[in-house]
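Subject: The structure, and what turned up in it

Hi,

Here is the structure I promised to pass on to you. Have a look at it first, then read my notes below.

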Amino acid sequence: MRFLTALALTWTTFAAGAFATPGQPTDGALGFQPAVTPIMEEVVSFHNILLVLITVITLFVMGLLIYVMIRYNRKTNPTPSKNSHNTLLEVVWTAVPVLILIGIAIPSFPLLYLQDEIPPEIDFTLKATGNQWNWSYEYPDHEVAEYFSNMVEEEDLQPGQLRNLSVDYPLVVPVDATVRLQVTASDVIHNWAMPSFGTKMDAIPGRINEAWFQATQEGVYYGQCSELCGLRHAFMPIEVHVVPQDVFDAWIAAKAEDEYSEAADAIIAQYTAARETRLAQLD
């Protein structure tokens, strides 16, 4: 009975993971957040291959252990063998893991290259700077001055905002745009991490690291600093709004006039409300 209960709970957990909300944590979910970039799609695919492989290896080793415990215990094998070496067996258990690692390396190298190599067809560059304890952003190609993005405190949360994840001035990017992300820091090491994008890059003082992403699905996506950086490390989230090109153009025009423009915030709020209404009607 306990086994069946555990099996049911496991199945429920997998089902919850399958219907995880894109871009944010979901209670009871298991596994990655739904992928919304080509990089994250490849990461998920690679993970699924490894999950099958490690499951087969685990079951095989467990089966061997159970067999040995039953076949060669004191009761069933009172006179143990005195053999100490088996050349063939030792070659096999050395060669097979090596071949498995080579098999894992074959798909992993293209994935590493995909993550590391910035595509030549970049639509624009975005710069993120980690500070204790917030992020600041610049759009150098659009002449948008640096603005700071701070977590919304719990007592200030508005309907629809998430505790410890929502910010006052989020990032905004157009859907399907290829974005070069430049990451640095002003004080200590931080890390810009966005799970749904498959992006995770260290922010190091005095150095600019680069990554890229192409969000293919509209929505709001959340990440966090993923490098211990001091007292309020847990309270410097990342919020990215992926919007249609025309909404982005209107937002960037307002932002270029004033980096803390209320008009820019209103544009995103209006689009988000309209999108949520459309999604509700589809449900």
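The model is predicted, with local features needing pLDDT of at least 70 and side-chain atom pairs counting only at pLDDT 80 or more, while totals for chains, interfaces and linings use all residues. Residues are numbered from 1 along each chain as its sequence is written, and side-chain values use heavy atoms, with hydrogens and water left out.

Let's begin with the salt bridges. The term means a side-chain nitrogen of Lys or Arg within 4 Å of a carboxyl oxygen of Asp or Glu. How many salt bridges does a search of the whole structure find? There are three.

One of them joins the side chains of Arg232 and Glu153, at 3.2 Å from N to O. This pair links distant parts of the chain, 79 residues apart: Arg232 sits in the loop between β9 (219–225) and β10 (237–243), and Glu153 in the loop between β3 (144–149) and β4 (171–174). Arg232 has 30% relative accessibility, so it counts as partly exposed. Glu153, at 32%, counts as partly exposed too.

Another salt bridge pairs Arg180 with Glu210, where the closest N and O atoms are 3.7 Å apart. Here, too, distant parts of the chain are linked: Arg180 is in strand β5 (residues 179–185) and Glu210 in strand β8 (residues 209–213), 30 residues apart. Arg180 is partly exposed because its relative accessibility is 24%, and Glu210 is partly exposed with a relative accessible area of 33%.

Then there is Glu154 with Arg163, whose closest N and O atoms are 3.4 Å apart. Are these two residues buried or exposed? Both Glu154 and Arg163 are exposed.

Now for the helices. Helix α3 covers residues 87–116, which is 30 residues, and at 1.5 Å a residue it should span 44 Å. (The expected span is 1.5 Å times one less than the number of residues.) The end C-alpha atoms of α3 are 43 Å apart, so the two values agree. Where does α3 bend by about 30 degrees? The bend is at Ile106, and a proline, Pro107, follows within four residues. A bend here is the angle between axes fitted to the seven residues ending at a residue and the seven starting there. At the start of α3, a side-chain oxygen of Asn86 comes to within 3.3 Å of the backbone nitrogen of Leu88.

Helix α2 (residues 38–71) is where you'll find Ile66. At 40% relative accessibility, Ile66 counts as partly exposed. Ile66 also belongs to a nonpolar surface patch of about 790 Å², along with Phe60, Val61, Met62, Leu64, Leu65, Met69 and Ile70.

Helix α5 (residues 262–282) contains Ala264. With 0% relative accessibility, Ala264 counts as buried. Ala264 and Tyr169 are 95 residues apart in sequence, yet their C-alpha atoms are 9.7 Å apart in space. Glu259 lies in the loop between α4 (245–257) and α5, and its 23% relative accessibility makes it partly exposed.

Last, a few backbone details to click on. A cis peptide bond joins Gln132 and Trp133, with omega at about 0 degrees. Trp133 lies in the loop between β1 (124–131) and β2 (134–139). Glu143 is not a glycine, but has a positive phi of about 55 degrees. Glu143 is in the loop between β2 and β3, and is exposed, with a relative accessible area of 68%. Asn164, in the loop between β3 and β4, also has a positive phi, near 65 degrees.

Cheers

Key:
Helices (H or I, at least four residues) and strands (E, at least two) are DSSP runs, numbered from the N terminus. A polar contact is a pair of N or O atoms within 3.5 Å; within protein, one must be able to donate a hydrogen and the other to accept it, and residues adjacent in sequence count only if both atoms are side-chain atoms. Patches are made of residues with over 30% relative accessible area and no salt bridge: like charges are joined within 9 Å, nonpolar side chains (Val, Leu, Ile, Met, Phe, Trp, Tyr) within 5 Å. Accessible areas come from the Shrake-Rupley method with a 1.4 Å probe; for residues, only the protein chains shown count as cover. Buried means under 20% relative accessible area, exposed over 50%, partly exposed in between (1.4 Å probe, protein chains only).
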